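Hello,

Here is the structure I promised to pass on to you. Have a look at it first, and then read my notes below.

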Amino acid sequence: MLASTTDHLVVPVYGTEMPLLDSTKQCFRKTKQKEVYVVQTKMRPVPLEHYLYTGNSNKTSNELFCILDQKGNFLLSGYRAALNAKKERASKVDESYGPKGVRQGNPQADKSVWLSLLSMLQKKDQLPVVAFTLSKKKCDQNAEKVSSVELVTSTERSHIISFFNKSLRQLKGSDRQLPQVLWLEELLKNGIGVHHSGILPILKEIVEMLFSRGLLKILFATETFAMGVNMPARTVVFDSTRKFDGNNFRDLHSSEYIQMAGRAGRRGLDNTGMVILLCKGDVPETSDLNKMMLGTPTKLTSQFRLTYYMILNLLRVKQLTVQDMMKRSFSEYYLQKDAPENEKKLEELRIKCKQLKDIDCPVCSIDLKAYYLAWTECYQLQKQIKNILFSSMQCQKLLVPGRLLLVTNANHKRSLSVILQIGGLGNLSSFKGLSSKNPLEKLYTVLISCEKNYEEMKMSDISTTKVSQEEEVKHPNEMFLQNDLFIPKGQCGQIVEEIIAADICEIVNKVIKVDLEKILENHKKRLIPRFRSDPPSQSTVIAGQQLFNLAKDFNDKVCPVMHPIHDLCLNEIKFVEKHKKFERILPSLHCFNCLDCPNIIKHFSLMQSNMQVKEDVAMLEFRLSDENLNLMQEYNQRIEVLKTLNYIDKEMNLQHKGRVAFEISTHEVMITELLINNVLTDLHPSEIVAVLSCFVFEQKKSSPPTLTDNLQKVVNTVKQIAKTVAVCQKKQGLNVTVEEFIEELHFGLVEVVYEWARGMSFKDIMNLTDVSEGNIVRCIQRLDETCRDVRKAAHVIGVQALCDKMEEGMSLIRRDVVFAASLYTS
């Protein structure tokens, strides 16, 4: 996709799988006010073949089974062959006592699996290979297991050593002897590489450059290697298809798998790319493989987030509001895309609203509107009560074949009926397009007691079925009245009909025995034109007579009606409140003066249509307003936090604290509170940068640091300020608990940064923590940016001493391997 962002700049957006392409295109077009062109192809230049590998030794190294061919066909024959290969090797102990579910294999046997796989790939000339391992620790372990294998020639080894030594010249002597440097050097000599966030940046660049030159034959990498780095290989191997997403373990999403698998196949070098899934334990289920390999891409979601920095920035500039920014985000696209059409509708409705005429009636003018509002409230409450009732497990357990019901709809008024089956009549159903998720639209097939002439009329013309009950209501109050039970006045009849749950006005505490199958079978037969004039079967007539007799003697002893609270035990507070409110308001519907009007039905209908127009206007006005934005509630809450903490005044103008926070791009409120409260001013520069590291270090778990008394005192102060800010946020309604807000600050590298700023070597600070080298470097590099922000904020406050300390602190951390120049630019 090509998105033109300025008159002379075009930004290409690439994606192996981009869902909602049309929506994304329209969003770019609307936001940037530029034309967007989509150029796509569903054909890969190098097609992929996907395999399962079950080998674990030299004898079984050829156990490679194709399960997805170049055309995207899933091959069950290959899958079954992989299953059989596994079963043949399964021991009796595994079969008798093995764990249930998919087993992930024995970690101690991993080495033999990798060695047999490499042997097979070498024989098939399928190197180089990227081995995606979804854990940094596992990456290192897998590399160690194959470290003894020599995958390169002497000439290639010579090139690797030469390039490695040349690249490390910019490091000082002690940094060249770091354990990670020496460890990786030995792996690289054999053509083995490792790439993940725990590796030092300069070493990652060395690995990338060697791999791109074809000098590395196997690269153990996490999924980040597949993001944005154009380095294809002949083969891609998945060590596992399960990953930890920060909360729990899950299978790879289709988009994640496709992104990583897409690294297989080098354009112009390979005819096909090979993707291999290692089956160290059990073979994955076909459903899981299908979902992962052929599933739909993950839906695009907006990453737009409201921050205090953004709000303060836009309040300061005034040229663009926060609401405008929210409207331009992808998260609001679906609400905003219909805005022009809604504006046109709103204009038409406003014209229509002006043309509405008041009801000219002295009786109805007194309280018809009040009656309408009360009636509407009753109607909505009744609907909500039924929704909760029919979605409850208690109700669903009662609604079984044989259960007696009272039915009220367009054709029946409190008619006694019996459930024949749950669901409709299948292909013969007269109900189409009902929502399976709406409990009020659940279908039931029932036998209903009726007049004989109604039965004959329905059987002669099936198309007379009506669904809507509102169209048939003669008086507004009629739908709420508890009328007497319907009893046929003439000859009694019975009819099999489909009803929806909303048609059930009462559930009777009685189940009767009827011949369900024969009744349904006879009804389906009579629906055939040539049998339509046949009389009902004996089973149907007997059941109908049974309903008639029960209706004549209907009372609370013979057929007690079930109360939703007392009998069904629906005791949830919300339901009980709604039910009591309904029972309280219902009697008031009979006390309005307008009910004495002889034209109440006509006038009520007119009021209903007038009010509907006004409600439609109000609804569209809300949809087009800022209050309808998804993030508007959070925005208002954050504004209240800023007002409470004196960052802005009541007129939304920036105060002194707001101008300070505006200079800080991360944890702006927390850092501003530290500055305003002079927490950092009296500290040594090395202590300041150490404390600030808690705002940029992202690893949640690490070994606890050993801090000086002064540093520990400052850390406690930071936590106390964080608690104050968190309490304020919680009070204003933000969905972040005090504990969660404090846990966002990670103090695991405070000691490391403190000692680094005091001049300790990188090799020695690695003894202070279990955090990997790459994460430490990334933290200190980000810390440099934060220090720059704090320096600017200190200048706004007017504390020159703190400005000087921040400058000194930055100079203390900018050294050696942490700030080594990139190989791509040097």
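Predicted model: local features only at pLDDT ≥ 70, side-chain atom pairs only at ≥ 80, totals over all residues.

**A strand and a pocket**

Residues are numbered from 1 along each chain as its sequence is written, and side-chain values use heavy atoms, with hydrogens and water left out.

E9 (residues 235-238) pairs in the parallel sense with strand E6 (residues 129-132) over four bridges. E9 also pairs in the parallel sense with strand E12 (residues 273-278), over four bridges, and there Val236 stands opposite Val275. (Strands are DSSP runs of E, at least two residues, and helices runs of H or I, at least four, numbered from the N terminus; two strands pair if DSSP finds at least two bridges between them.)

Are the two faces of E9 covered or open? Both are covered: Thr235 and Val237 on one side, and Val236 and Phe238 on the other, are all buried (under 20% relative accessible area, 1.4 Å probe, protein chains only).

Now to the second largest pocket. Its lining has 33 residues, and Ser135, Lys136, Ser197, Gln699 and Asn775 lie nearest its centre. (A pocket is an open set of points on a 1 Å grid over the protein atoms alone where a 1.4 Å probe fits, with protein on both sides within 12 Å along at least five of seven lines; lining residues have an atom within 4 Å of a point.) Helix H31 gives the largest share of this lining, five residues.

Best wishes

Methods: Buried < 20%, exposed > 50% of the residue type's maximum accessible area, 1.4 Å probe, protein only.
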